[in-house]
Amino acid sequence: MSKTTGGADVRPVQWRAGAGRVVAAAALLTAVALLPWLSGNDPALTVLRARSADQDPTPAQLNAVREQLNLDDGPFAHLAHWLGGLPLGDAGTSWVSGEPVLPQVTAALAVSVTLMLGALVVTIAVAAMVCGRTLYLGSRRRLHRRRAGVGAAVLASLPKFTLASLLATVCGVWLGWFPSQGWEGPMSMVLPALALGVPSGAMIGGMLDQALPAAFNEPWARTWRAFGFSSARIARHALRRAQSGVLPQLLPTVVALVGGAVAVEKIFNIPGLGRLALDAAVAQDLPPLQTATLVLVLLGVVAGLLVKALRRLLLGPALRDGALPALHPPALASRRSTRWVAGFCAITLLALVTAGLLRDPLHVDTAARLLPPSAAHPLGTDSLGRDLLARLGHGALLTAGVALAVTAISTVIGLLIGMATNVGAGLTEVVSTLPAVLAGLLTTAVTGPSVWGAACAVCLVGWSPYAAQAAALLEQERASGHMLASISFGAGRRYLLRHHLLPAVLPAVLRNAMLRLPTTVLVLASLGFLGLGEQPPTPEWGRLLSENQPYVELAPWTVLGPACALVLLSVLAVSVSGTATRRGGSRRADGGRRRGPAAVRRTPWPTSSLTQPVLGRPG
């Protein structure tokens, strides 16, 4: 039954996914082409200022630029001319420099892809360290307690640009181990790859760490232990099983660094694609911006297809035949330290916020600039002499409120698009590699600079990690034996959604959302730093990090306070979400044993999965 259905649906599914890619790419390129006209600024004035920094050009100069660039023809004529040149290898010339665009984009792409591959190596190494203990204990049947994921939450919440500044200062300037600026050889890649790979590896490793106990709890793992298979062999196949659900996260987490590592590229002075796209967007230099956007779209589509093929290779024929064993997390005891850590984070954050609210965040004292922590200023002062504790406390509500709202909206959108697996797959691939800064420029052109405009921009691209994860988990759940059994017992769509699909997806997606909460704060801060979001002097945690980042070497305490607050918020969110999802999972499991077709979730279906892993043979 499943084989026939799968074969009949292959072409329609591929057609819909391809249509989703084409429609999303066309809409994105059209929006980029409209950017100079949507912004409300004269494109000729912006280009002229980017060329010569002339603040007061004459009308004759502006008319000359309009005539040279044919701006009066409108955006669609420019888009058609640019698209017509692509088959001939001509991506146009830069409006600012007058140089051909294609060599610039090709060189920047080579740099960014090399940096992304270096970050991928660091990501794999950090992920292995995060989930290594669970992998070791699970393969030896010694996994009795659930890990809280505090270490992964701490590393995942480290701001990339702050980590980059610290690495450049300590390892580049003070110790002289690696170059702190430029792109001259393999040694220049080490520090930026570490700054990008450590948080990404912690995020991937944290999700693997949560998926591995369910893989070790599958029937084949218990059977293999009984037959005397080695622990290394069991660990290898359990990792292979858990990777299939986490693998799609490489697209928005690692591959997206090709265009999304703008801050790190600026700190290390790396001529990457993200930096080129940002400079072109700010200067409204349309040809390089359109070409960079098209390259990112094609990269996302190719990487998405490769990830999908690798997932199918990992899962094997069981995915196609509807014989995939379901992943049921075992009932592991929680550590007492989890509650203590969550309580400590909550009390510390509450104390910091309460103490900060009693102080004036806008009081400027130029005689107290960059003072270290003291009794008068427990967290020190910034470059204007403002009390950092006051700014931290007054910015807590705005930071946490906007970040939680954006995360919640992005999660809901991601779940909805992830459930529309046919069209949603192509849309997710296109959006996954789109930098949030570009989305911010497009959104601000319509709404104007504001905190809610920046929030809308993040929502436009922030749903892609959750959609990719939800689509992967739903595909596995639909291919499991208990789904076929429930359908054969007469379960309807609403019942399947409530008792099978959502319970299989929600816990993992919610934990992923909590791990990405600090990233949302930092993306909002980067938009504000570029004049697209919340503006000074409003105290906001991400903006505190952005404003004080140039003083990391001189006054490191200026970024220590907001960075620690982000870490505390991340650990608290992960701990609370882990407790909630575990309680919800235990209630669903109890209900599944009592209610009709839901009891199939506890049935080893099909029987052959007792002795077979995913690919159908124990080797």
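**Figure 1. Salt bridge between glutamate 475 and arginine 311 in the predicted model.** The side chains of glutamate 475 and arginine 311 form a salt bridge, with an N to O distance of 2.6 Å. Glutamate 475 belongs to helix 23 (residues 464–478) and arginine 311 to helix 15 (residues 286–315), so the bridge ties together parts that are 164 residues apart in sequence. Arginine 311 is buried, at 4% relative accessibility. Glutamate 475 is partly exposed, and its relative accessible area is 22%; this value does not count as buried because that class is limited to residues under 20%.

Figure 2. Glutamate 547 is part of helix 27 (residues 541–548), while arginine 386 sits in the loop between helix 17 (336–357) and helix 18 (388–394), so parts that are 161 residues apart in sequence are tied together by the pair. Arginine 386 counts as buried, at 8% relative accessibility.

Figure 3. Glutamate 218 is placed in the loop between helix 8 (190–216) and helix 9 (219–226), and arginine 241 in helix 10 (residues 231–246), so the pair ties together parts that are 23 residues apart in sequence. Glutamate 218 is buried, with a relative accessible area of 2%. Arginine 241 is buried too, at 2% relative accessibility.

**Figure 4. Packing of helix 8 against helix 10.** Two packed helices are described by the angle between their axes and the distance between the axes. For helix 8 and helix 10 the angle is about 120 degrees and the axes are 8 Å apart. The two helices are therefore oblique to each other. Helix 8 passes helix 10 in a right-handed crossing. On helix 8 the contact is made by Ile204, Met207, Leu208, Ala211, Leu212, Ala215 and Phe216. On helix 10 the contact is made by Ile234, Ala235, Ala238, Leu239, Arg241, Ala242, Gln243 and Val246. By class, the contact has 13 nonpolar, one polar and one charged residues.

**Figure 5. Packing of helix 23 against helix 25 (residues 493–515).** The axes of helix 23 and helix 25 lie 9 Å apart, at an angle of about 150 degrees. Helix 23 and helix 25 are therefore roughly antiparallel to each other, and their crossing is right-handed. Helix 23 contributes Pro465, Tyr466, Gln469, Ala470, Leu473, Leu474, Glu477 and Arg478 to the contact. Helix 25 contributes His500, Leu501, Ala504, Val505, Ala508, Val509, Asn512 and Ala513. These residues divide into 11 nonpolar, three polar and two charged. Helix 23 also holds glutamate 475, the partner of arginine 311 in a salt bridge.

**Figure 6. Positive phi at asparagine 269 and leucine 370.** Asparagine 269 has a phi near 55 degrees, a positive value in a residue other than glycine. Asparagine 269 is in the loop between helix 13 (262–267) and helix 14 (273–283). With a relative accessible area of 36%, asparagine 269 is partly exposed. For leucine 370, phi is likewise positive and near 55 degrees. Leucine 370 is in the loop between helix 17 and helix 18, and counts as buried at 14% relative accessibility.

**Figure 7. Surroundings of glycine 395.** Glycine 395 lies in the loop between helix 18 and helix 19 (396–419). Its relative accessibility is 0%, and glycine 395 therefore counts as buried. Leaving aside neighbours within four places in sequence, glycine 395 is in contact with Pro539, Glu540 and Trp541. The C-alpha atoms of glycine 395 and leucine 544 are separated by 9.2 Å, although the two residues are 149 residues apart along the chain.

Definitions and conventions
Residues are numbered from 1 along each chain as its sequence is written. This is a predicted model: local features need pLDDT of at least 70, side-chain atom pairs count only at pLDDT 80 or more; totals for chains, interfaces and linings use all residues. Side-chain values use heavy atoms; hydrogens and water are left out. Helices (H or I, at least four residues) and strands (E, at least two) are DSSP runs, numbered from the N terminus. Buried means under 20% relative accessible area, exposed over 50%, partly exposed in between (1.4 Å probe, protein chains only). A salt bridge is a side-chain nitrogen of Lys or Arg within 4 Å of a carboxyl oxygen of Asp or Glu. Axes are lines fitted to C-alpha atoms, for helices over the stretch in contact, and angles run from 0 to 180 degrees between N-to-C directions. Angles under 35 degrees count as roughly parallel, over 145 as roughly antiparallel, 65 to 115 as roughly perpendicular and the rest as oblique. A crossing is left-handed if the near helix is turned anticlockwise from the far one by less than a right angle, and right-handed if clockwise. Contact means heavy atoms within 4.5 Å. Ala, Val, Leu, Ile, Met, Phe, Trp, Tyr, Cys and Pro count as nonpolar, Asp, Glu, Lys and Arg as charged, and the others, Gly among them, as polar.
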